2 protein chains.
Amino acid sequence: MMNSTARRHHVVIVGGGFGGVSAAKALRHAPVDITIIDRTNHHLIQPLLHQVATGILSEGDIARPIRDVLRDQPNARVVLGEVFGIDLDTRHVMTDTIGERRRIPYDSLIVAAGASQSYFGHPEFAREAPGMKTIDDALELRGRIFGAFEMAERELDPAARRRWLTFVVIGAGPTGVELAGQLAELSRRSLRGNFRHIDPAEARVVLLDAGPTILASFPETLRDRASRDLRDMGVEIHVGTMVTNVDKKGIATNSLEPRWRRFEAATKIWAAGVEASPLGRVLATASRAELDRAGRVKVEPDCSLPRHPEVFVIGDLMSLDQLPGVSQVAIQSGRHVARTIVRRAAGDPTTEPFRYHDPGTMATISRLRAIAMVGTMRVSGVVAWLLWLCVRLMMLTGFKARLSVVSNWTVAFLGRGRAQRVITTQQIFARHALEGHRRPNAIAAASATNARG
Amino acid sequence: MMNSTARRHHVVIVGGGFGGVSAAKALRHAPVDITIIDRTNHHLIQPLLHQVATGILSEGDIARPIRDVLRDQPNARVVLGEVFGIDLDTRHVMTDTIGERRRIPYDSLIVAAGASQSYFGHPEFAREAPGMKTIDDALELRGRIFGAFEMAERELDPAARRRWLTFVVIGAGPTGVELAGQLAELSRRSLRGNFRHIDPAEARVVLLDAGPTILASFPETLRDRASRDLRDMGVEIHVGTMVTNVDKKGIATNSLEPRWRRFEAATKIWAAGVEASPLGRVLATASRAELDRAGRVKVEPDCSLPRHPEVFVIGDLMSLDQLPGVSQVAIQSGRHVARTIVRRAAGDPTTEPFRYHDPGTMATISRLRAIAMVGTMRVSGVVAWLLWLCVRLMMLTGFKARLSVVSNWTVAFLGRGRAQRVITTQQIFARHALEGHRRPNAIAAASATNARG
């Protein structure tokens with residue numbers, strides 16, 4: 001139980017991602033009370049979402065309850081709820097938990113609300129091309145991907161079968177590349193022997209990007225290596241290709257040559273861009289701070305909101321020195337503002353600018369293939385892949401599921417299987433054709449008295 | 001690819017549970033083609049569902065794609081679909097895959113469609129008290145159970161908080177007992193330190209049964225031991241108690257003394273009874289076979305349908321010699337009818353009656369506590385629990401996730417945590433208050449541009 005008699009400095013943290021949790025942990029021994037608010041119950045290792053979507057890991061392997069992460073930190077409490085407003089004058093955040101609203105006062109506020117998928121003005125694309133930002137996204141995609149192979153196996157019309165076996169990944173940043181690589185490996189390797197009427201290895205995996213290259217943030221040598229690896233695995237790459245429409249049966253694109261092109265594909269995955277949380281706009285409106293093009297809040301060098309030294313914006317929602325939206329920026333900025341708060345609590349008002357130390361970037365392409373840059377070093381192939389494996393495992397420090405991740409990786413990388421391939425009944429009936437019409441959710445499924453077979 | 005030129009004897013199996021899969025495997029070297037039809041993509045180890053519902057195991061740990069189970073068996077193909085009719089005269093089964101219907105011809109038919117939860121004429125109870133028969137059920141319950149603790153932590157009203165912290169399990173057979181035991185262990189042990197405003201150990205776990213005792217199928221000594229173990233863990237047991245109504249906030253019951261009683265409980269779980277697949281009625285109507293009280297088909301001693309030696313009914317859908325609805329009956333009857341089919345294919349028309357060899361029964365109560373009977377032996381405590389652990393692990397033979405199960409068990413039994421505690425955004429918004437009103441599914445969640453926090 002939190003000490004509720006002595007009124008201590010109250011730090012409210014909005015968001016339980018890398019930024020929010022790092023800040024909370026760094027405040028562990030500080031004489032403050034912490035409230036961390038998130039609309040999900042879990043702290044998510046987002047860079048591993050593609051492995052849940054493709055059946056290697058379970059959702060629990062990469063998502064741990066925030067309150068479990070902070071279980072041994074008595075000065076932190078966790079609240080399930082969505083923050084929809086911030087009152088900078090009276091210093092309150094407004095939360096909504098499934099319809100019930102509350103105002104929570106703060107002395108210091110850390111806004112680490114992150115970013116969601118951006119559809120660049122076409123939110124209607126989301127229905128047919130889910131993004132890759134949440135556990136819900138990954139489970140939805142898992143159902144769609146494995147469901148597509150099921151439908152293809154059953155389909156008699158060759159064109160429709162081809163459509164079920166075509167997977168388009170939109171956006172060739174690390175997430176898109178990792179997903180396309182996994183889809184290729186899944187179809188060429190993991191599903192071997194599973195089907196009788198189709199050869200899953202004939203699945204077509206298409207990777208699109210509007211920009212002139214894949215993995216724009218990597219140097220050319222590594223990009224070339226990644227392209228070669230992907231093509232070796234049978235991934236079709238189309239750069240300079242803009243998506244103009246997404247529908248149930250495919251996508252339409254626009255590029256220099258050919259001018260217009262359509263890809264017939266049942267499964268579309270959107271990994272094309274991010275847009276900062278709408279809390280950025282809330283803060284900007286209230287404080288006259290500026291937003292950058294992605295909706296991120298331009299902060300002072302110490303990550304504080306202009307004219308509001310008691311409010312900090314960190315991670316993907318922060319616009320500072322053109323830092324990228326990666327987990328390390330979130331983690332380091334979280335720790336930085338925690339240090340500032342600790343100093344202030346001790347009566348020291350000095351602020352220090354946030355300096356980012358880039359520990360390197362990496363992307364995995366498939367089993368035994370990855371690219372990485374650490375400082376001036378460029379690594380690819382097996383060495384980079386082993387590095388990727390170690391770094392990801394380190395991210396799971398303290399995760400109860402770490403053992404389970406290792407065993408699931410053993411199955412997938414040494415064996416050729418994937419352990420986590422469940423499609424729920426809800427997904428089967430929600431997704432195709434009868435959308436919502438029959439058996440709309442698991443509760444209805446439980447009550448249905450239909451045959452198992 | 002299946003050999004489609006030579007027309008071989010075609011065995012259709014309805015249902016990919018223990019019965020159907022055992023039959024298919026036993027036909028592995030037989031000169032027959034096999035089509036196994038299920039409405040889910042997975043073969044499920046149902047006796048471990050309670051561990052998914054309470055956050056120990058992931059769904060992939062206990063559910064493996066049927067087509068992966070049969071990947072190395074070229075004479076078997078798997079079809080995703082629901083069987084809604086059987087034409088005994090022309091020898092066809094009618095399937096429906098999300099709205100698309102087909103007729104599949106058979107030479108021999110094995111109906112292993114199993115059973116679903118029975119609400120004894122009150123299907124409306126299902127919405128508030130989900131059952132425990134499918135992966136969807138277990139994931140729904142996982143969201144409700146962990147969600148209830150989240151809501152309790154946030155609740156200010158003591159009565160409402162108490163309601164969120166009360167869990168009622170209806171039905172005290174092995175499933176109900178295992179679930180009640182896990183709920184007690186979860187609240188007393190696994191969640192320790194996770195909350196600041198509530199003490200999860202104060203959760204009230206109520207186990208109800210309409211009959212005069214828990215675990216009616218076990219001998220008295222073991223029942224007494226189980227009752228004592230459950231009470232030690234703080235489980236309230238009420239036998240001779242009938243549920244008369246279930247609503248959002250609790251359940252109403254009827255017993256001898258007190259005559260009427262209400263339990264205020266946010267989370268209700270139905271483990272009270274099973275009812276055979278409606279395919280039982282389909283078969284009975286078409287063949288004039290009889291059904292027993294649970295809707296199971298009364299079969300000939302060799303498990304065949306009366307007057308239809310080419311049709312077999314096995315497992316939970318079969319009524320024969322008052323055999324119980326347990327996995328071993330399904331497995332052994334599946335193998336038995338497969339042997340009959342093999343003999344017939346070899347020109348030998350003799351049939352043999354099915355003889356069940358009872359390998360024993362067991363139920364786990366919590367970590368280190370179980371009861372088991374094997375032959376005339378009665379075991380309880382740690383020895384029974386280790387036996388339970390080994391038998392369950394054997395059930396997972398060939399499961400890719402076996403390693404992952406062992407590691408998840410290590411976390412739960414040696415440590416005190418639970419690795420699989422994800423609540424999806426869809427569940428948070430689907431379940432309480434705003435049911436279906438906001439963010440009705442994962443797709444909508446993906447497109448929502450709300451703040452993460």
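In chain B of this predicted model, helix α1(B) meets helix α10(B) through a set of residues that can be listed from both sides: B:F18, B:G19, B:G20, B:S22, B:A23 and B:A26 belong to α1(B), and they meet B:S327, B:A330, B:I331, B:S333, B:G334, B:R335, B:V337, B:A338 and B:R339 in α10(B). By class, the residues of this contact divide into 7 nonpolar, 6 polar and 2 charged. Two packed helices are described by the angle between their axes and the distance between the axes. For helix α1 (residues 18-26) and helix α10 (residues 327-345) of chain B, the angle is about 35° and the axes lie 7 Å apart. The crossing in which α1(B) passes α10(B) is right-handed.

A pair of helices with these numbers is also found in chain A, where helix α1 (residues 18-26) packs with helix α10 (residues 327-345) at an angle of about 35°, the axes being 7 Å apart. Here, too, the crossing of α1(A) past α10(A) is right-handed. On the side of α1(A), the contact is made by A:F18, A:G19, A:G20, A:S22, A:A23 and A:A26, while α10(A) contributes A:S327, A:A330, A:I331, A:S333, A:G334, A:R335, A:V337, A:A338 and A:R339. Of the residues in the contact of α1(A) with α10(A), 7 are nonpolar, 6 are polar and 2 are charged.

The residues that make the contact are A:L403, A:S404, A:S407, A:N408, A:T410 and A:V411 from α12(A), together with B:L403, B:S404, B:S407, B:N408, B:T410 and B:V411 from α12(B). This contact of α12(A) with α12(B) has 4 nonpolar and 8 polar residues, and no charged residues.

Turning to the strands, chain B contains an open sheet of 3 strands in the order β6-β7-β8, with antiparallel pairing. Its edge strands are β6 (82-87) and β8 (100-105) of chain B, each of which pairs on one side only. From one strand to the next, the twist of this sheet averages 25°. Within the sheet, β6(B) pairs with strand β7 (residues 92-97) of chain B in the antiparallel sense over 5 bridges, and B:I86 stands opposite B:V93 in β7(B).

Chain A likewise has an open sheet of 3 strands, ordered β6-β7-β8 and paired in the antiparallel sense. The strands at its edges are β6 (82-87) and β8 (100-105) of chain A, and each pairs on one side only. The twist from one strand to the next averages 25° in this sheet as well. Strand β6(A) and strand β7 (residues 92-97) of chain A run antiparallel and are joined by 5 bridges, with A:I86 placed opposite A:V93 in β7(A).

At the level of domains, chain A is divided into domain 1, which is made up of the segments 9-39, 81-117 and 275-345, and domain 2, which covers 123-272. The centres of domain 1 and domain 2 of chain A, taken over C-alpha atoms, are separated by 35 Å.

Methods. Residues are numbered from 1 along each chain as its sequence is written. Chains are lettered from A and ligands numbered from 1 in the order in which they are written. This is a predicted model: local features need pLDDT of at least 70, side-chain atom pairs count only at pLDDT 80 or more; totals for chains, interfaces and linings use all residues. Two strands pair if DSSP finds at least two bridges between them. Helices (H or I, at least four residues) and strands (E, at least two) are DSSP runs, numbered from the N terminus. Axes are lines fitted to C-alpha atoms, for helices over the stretch in contact, and angles run from 0 to 180 degrees between N-to-C directions. Two residues are in contact if their C-beta atoms, placed from the backbone, lie within 7 Å. Ala, Val, Leu, Ile, Met, Phe, Trp, Tyr, Cys and Pro count as nonpolar, Asp, Glu, Lys and Arg as charged, and the others, Gly among them, as polar. Domain bounds come from an automatic or database domain assignment. A crossing is left-handed if the near helix is turned anticlockwise from the far one by less than a right angle, and right-handed if clockwise.
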